[in-house]
Amino acid sequence: MTNADPVPNAGPVPNADPRTSSATVAGGGAAAATFASLNPATGEVVGRFPIQDDAAVAAAVAAARAAVPWWVGLGQAGRRERLLRWAAQLVRDDRELVDLLHAENGKTVGDARLELLLVLEHIRWAARNAGRVLKSRRVLPGPFLADHTARVDYLPLGVVGVIGPWNYPLFTPIGSIAYALAAGNTVVFKPSEYTPALGTRLATSFAAANPDAPAGVLGVVTGLGATGAALCAAGVDKIAFTGSARTGRAVMTACATRLIPLIMECGGKDPLLVAEDADVTVAARATAWGAMANAGQTCVGVERVYVAASVAAPYLNALTRALEGIHPGMASDAPYGPMTMPAQLEVVRRQVDDALARGATALVGGSAAVGDRFIAPIVLVDVPDAAEVMRDETFGPVVTVRTVTDIDEAIALANATPYGLGATVFSRRHGDEIAARLDAGMVTVNAVQSFAGIPALPFGGRGESGFGRVHGADGLREFVRPRSVATRRLALPGTTLTTFRRPPGLLALITRLTRLRHGRTATPAD
Ligand code: NAD
């Protein structure tokens, strides 16, 4: 059930950006342009995929539109069963999916397994909770329309376009796909050009689990940025975008012309705060993993640490120890793998060099840690605020550590960013208080990134990190529109306000009641 079946593997090509290196037009007749996805550790071709143009994307959206009545007609119970079948199919396919995650994205087998676990938990939560969260709800009509009942229905939007990134190529789009499907929509998914095989694989698993489903329930279109742009222009009812804020702005502009609503899940510059009363060893181990896992290519990866002066020395010692022996590689037991996107190596190198040139010190690693495919862990201290690495998303295995006088200074610096995605706090006694003062969409206290693994918690940020939420009940509500229904139950004579035949005394009565109800000064008891 995909509009983008891979074309046969064309053999190894040099490791380079697939946007520029491997988009080719196959010879002969009606052949379409294709692009290759590459293994980031070896440069080998994982698969070759069509670059789908405006017409192909329009056809995918038309197929999705045609599938809406069938999917809606299944009802909540039917959709729940289909989604749970899909999860079971993904479990049957897990070996192949984990291998593909390892090959196409570069993440280690362990991280691939974790990603698949999150995918399954989210599909299950969305499937099992959509009925409860989205069921019609009675509301009170208020005193002046007391002869009415009032109800809110939640209706699917229709066709949702999902545009995804490459760093968590299954987990990230599932946050939109599973919740949009559970809410009764059909989906057209445009995976990143770096991970099209994984995107396509999601849809083939869905089709295998549900052979009677029409092709458009979950369709995939492959290609570069222009294919994503075509999806924004193809008449979908909502776009759920995950990627950089830069691309997000282009997506918003395209959607603005048609007033297409959006979810924007963009980047972050997440802080981790270590308070005076923190367990510094636990905080240091969490920093090491939160900053370096998946080669630091995590939207909620730890990028900036603010540590209270009284515990800075033991924390930095513990962090250095936690990173001993952590080297990237492609072995199945490596802590993390290569950089997925070749161009990202230069971004990291530039940010590290800029910080060092401005007087920062490399406590671990340094410029030499940036190789030609892999980057070893880098910890920078004494980095001036003006350095690029303090301001822009790094998206590599790099963390900065700043010693602060107290937690108030840590909170002020943590909040001094245009981003606001995730944050982490380590404090034995004041974690919740500190969390409440952080200007982020999600906070984990005394652990790292836990919010992403709790399906009931909404996921998303503010500012340059975007808006809207995936996951949880709020994530389900992103994919429905409310319809309000007010029904008059009784027709008490002389009480109708919305008529030209209003009884003469009614307005005087209403005026008296209004004064009684709203004219008093509020008291604490109110
Ligand atoms: P990107 O912005 O380069 O691309 C994202 C997607 O947009 C890709 O599928 C791409 O083909 C598509 N695209 C490109 N141009 C387009 C256009 N004009 N119109 C429509 N679609 C277009 O991002 P990326 O490099 O794939 O992903 C990394 C970024 O994603 C990082 O900033 C990371 O923080 C962010 N991210 C955020 C979250 C989150 O949930 N907040 C999760 C994962 C990644």
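## Terms and values in this model

Student: What does glycine 106 touch, not counting residues up to four places away in sequence?

Tutor: Glycine 106 touches Pro40, Leu101, Met330, Gly337 and Pro338, where contact means heavy atoms within 4.5 Å. This is a predicted model, in which local features need pLDDT of at least 70 and side-chain atom pairs count only at pLDDT 80 or more, while totals for chains, interfaces and linings use all residues. Residues are numbered from 1 along each chain as its sequence is written, and side-chain values use heavy atoms, with hydrogens and water left out.

Student: Why does glycine 106 count as buried?

Tutor: Buried means under 20% relative accessible area, exposed over 50%, and partly exposed in between (1.4 Å probe, protein chains only). Glycine 106 has 1% relative accessibility, so it counts as buried. You will find glycine 106 in the loop between α4 (94-105) and α5 (109-133); helices (H or I, at least four residues) and strands (E, at least two) are DSSP runs, numbered from the N terminus.

Student: What makes tryptophan 166 buried?

Tutor: The same test does it: tryptophan 166 is at 9% relative accessibility, so it counts as buried. Tryptophan 166 sits in the loop between β6 and α6, and its contacts include Asn105, Tyr194, Gln297 and Phe395.

Student: How do you know that the length of helix α2 agrees with its number of residues?

Tutor: The expected span of a helix is 1.5 Å times one less than its number of residues. Helix α2 (residues 54-73) has 20 residues and should therefore span 28 Å; the end C-alpha atoms are 29 Å apart, which agrees.

Student: Where does α2 bend?

Tutor: The bend at a residue is the angle between axes fitted to the seven residues ending there and the seven starting there. For α2 this angle is about 40° at alanine 67, and proline 69 follows within four residues. Ala67 is also one of the buried residues of α2, along with others including Val57, Val61 and Trp71. Among the elements that cover these buried residues are α3 (75-92), α6 (171-182) and α7 (196-209).

Student: Why is the pair of phenylalanine 35 and phenylalanine 49 called tilted?

Tutor: Rings of Phe, Tyr and Trp (its six-membered ring) pair if their centres lie within 6.5 Å; planes under 30 degrees apart count as stacked, over 60 as edge-to-face and the rest as tilted. By this rule there are eight aromatic pairs. Phenylalanine 35 and phenylalanine 49 are 6.2 Å apart, centre to centre, with 40° between the planes, so they form a tilted pair. Phenylalanine 35 lies in strand β2 (residues 33-38) and phenylalanine 49 in strand β3 (residues 45-50). Phenylalanine 35, at 0% relative accessible area, is buried, and phenylalanine 49, at 2%, is buried too.

Student: What makes the pair of tryptophan 86 and phenylalanine 206 edge-to-face?

Tutor: The centres of tryptophan 86 and phenylalanine 206 are 5.3 Å apart and the planes are at 80°, so the pair is edge-to-face. This pair joins helix α3 to helix α7, across 120 residues. Trp86 and Phe206 form one aromatic cluster with Trp70 and Trp71.

Student: How do you know that β5 and β19 pair?

Tutor: Two strands pair if DSSP finds at least two bridges between them. Strand β5 (residues 148-156) and β19 have nine bridges, so they pair, in the antiparallel sense. One of the bridges joins valine 152 to serine 484 in β19.
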